[in-house]
Amino acid sequence: MRSLSGGRRRVNPNSLPTKKVAGAVRFGLSGETVMSAKDSPPCATRVIEGALRGLATGTLWGVFMGNYEGSKLGLEGAQRASHTGHLALRSAAMFGGFLGVYNGVFCVSESVRHPYGRWANAAVSGATAGALFGAHTRSPR
């Protein structure tokens, strides 16, 4: 649709048609499936799920990076295993903490705001989790 000024008219996403599809609501033109508030898991479950996924991801990251750094530093045997284990534990804690905070803030902002504003909820969650872990490192970068 064109407005009188010749530009494209903006469409309010809240005015787009919704269609019920097998218990979920298919919203708007993008076809994104959004669960209703009663169907979504509780925030505590989402925090735990994020933390567990972060622990797994951080452990894998730490094992690979610890092994790589150990070979670069010329570590062998027990020293290399110790270095890899330390980095795996540290990475698992940081990834798990970050994703737990991110999922928790996302869930709370989704319940406070509107579940269809996912980009804004993600921005708030990422900024909050990044600020918390940035403050933890005490580095401006």
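Trainee: Which cysteine forms a disulfide with cysteine 43?
Mentor: Keep in mind that we're looking at a predicted model. A disulfide is a covalent bond between the sulfur atoms of two cysteines. Two sulfur atoms count as a disulfide if they lie within 2.5 Å, and here they sit 2.0 Å apart. The partner of cysteine 43 is cysteine 107.

Trainee: How many disulfides does the count come to?
Mentor: The rule is that sulfur atoms of two cysteines must lie within 2.5 Å. Going by that, the count is one disulfide.  The pair is cysteine 43 and cysteine 107, and the total is one.

Trainee: What is the handedness of the disulfide of cysteine 43 and cysteine 107?
Mentor: For that, look at the torsion about the S-S bond, which is about -85°. With that torsion, the disulfide of cysteine 43 and cysteine 107 is left-handed.

Trainee: How many residues apart in sequence are the parts that this pair ties together?
Mentor: Start by placing the two ends: cysteine 43 lies in helix α1, and cysteine 107 in helix α2. So the pair ties together parts of the chain whose separation in sequence is 64 residues.

Trainee: Is cysteine 107 buried or exposed?
Mentor: The cut-off to remember is that buried means under 20% relative accessible area. Cysteine 43 has 26%, so it's partly exposed. Cysteine 107 has a relative accessible area of 5%, so cysteine 107 is buried.

Trainee: Which residue's side chain makes a polar contact with the side chain of glutamate 110?
Mentor: First, find glutamate 110 in helix α2. With a relative accessible area of 14%, glutamate 110 is buried. Its side chain makes a polar contact at 3.0 Å, and the partner is arginine 46.

Trainee: Where does asparagine 121 lie, and what is its relative accessible area?
Mentor: Look in helix α3, residues 118-137, for asparagine 121. Leaving aside neighbours within four places in sequence, asparagine 121 is in contact with several residues, including Phe106, Glu110 and His114. Asparagine 121 is buried, and its relative accessible area is 0%.

Trainee: What separates the C-alpha atoms of asparagine 121 and cysteine 107?
Mentor: Along the chain, asparagine 121 and cysteine 107 are 14 residues apart.

Trainee: Which helix do the buried residues of α3 pack against?
Mentor: Start with the buried residues of α3: Ala120, Asn121, Ser125, Ala129 and Phe133. Now see what these buried residues pack against, and you get α2.

Trainee: What is the distance between the end C-alpha atoms of α1?
Mentor: At 1.5 Å a residue, the 31 residues of α1 should span 45 Å. The model agrees with that, since the end C-alpha atoms of α1 are apart by 43 Å.

Trainee: Which helix is included in what covers the buried residues of α1?
Mentor: The buried residues of α1 are Arg46, Gly50, Gly54, Gly58, Gly62, Gly66 and Gly70. What covers them includes α2.

Trainee: Is the aromatic pair of tryptophan 61 and phenylalanine 95 stacked, edge-to-face or tilted?
Mentor: The count comes to three aromatic pairs. In this one, the ring centres of tryptophan 61 and phenylalanine 95 are 6.4 Å apart, with 35° between the planes. Planes under 30 degrees apart count as stacked and over 60 as edge-to-face, so this pair is tilted.

Trainee: Which helices does that pair link?
Mentor: Tryptophan 61 and phenylalanine 95 are 34 residues apart, so to speak in distant parts of the chain.

Trainee: Which element has the lowest mean pLDDT?
Mentor: For the protein, the mean pLDDT is 78, and 69% of the residues reach 70 or more. Over residues 20-29 the pLDDT is below 50. Where pLDDT is low, the predicted coordinates should not be read in detail. Among the elements, α1 has the highest mean, 92, while the lowest, 48, belongs to strand β2.

Trainee: What pattern does the protein follow along the sequence?
Mentor: The secondary structure comes to three helices and three strands. Read along the sequence, the pattern is β-β-β-α-α-α.

Methods. Residues are numbered from 1 along each chain as its sequence is written. This is a predicted model: local features need pLDDT of at least 70, side-chain atom pairs count only at pLDDT 80 or more; totals for chains, interfaces and linings use all residues. Side-chain values use heavy atoms; hydrogens and water are left out. Rings of Phe, Tyr and Trp (its six-membered ring) pair if their centres lie within 6.5 Å; planes under 30 degrees apart count as stacked, over 60 as edge-to-face and the rest as tilted. Helices (H or I, at least four residues) and strands (E, at least two) are DSSP runs, numbered from the N terminus. Buried means under 20% relative accessible area, exposed over 50%, partly exposed in between (1.4 Å probe, protein chains only). A polar contact is a pair of N or O atoms within 3.5 Å; within protein, one must be able to donate a hydrogen and the other to accept it, and residues adjacent in sequence count only if both atoms are side-chain atoms. Contact means heavy atoms within 4.5 Å. pLDDT is the predictor's confidence in each residue, from 0 to 100. The expected span of a helix is 1.5 Å times one less than its number of residues.
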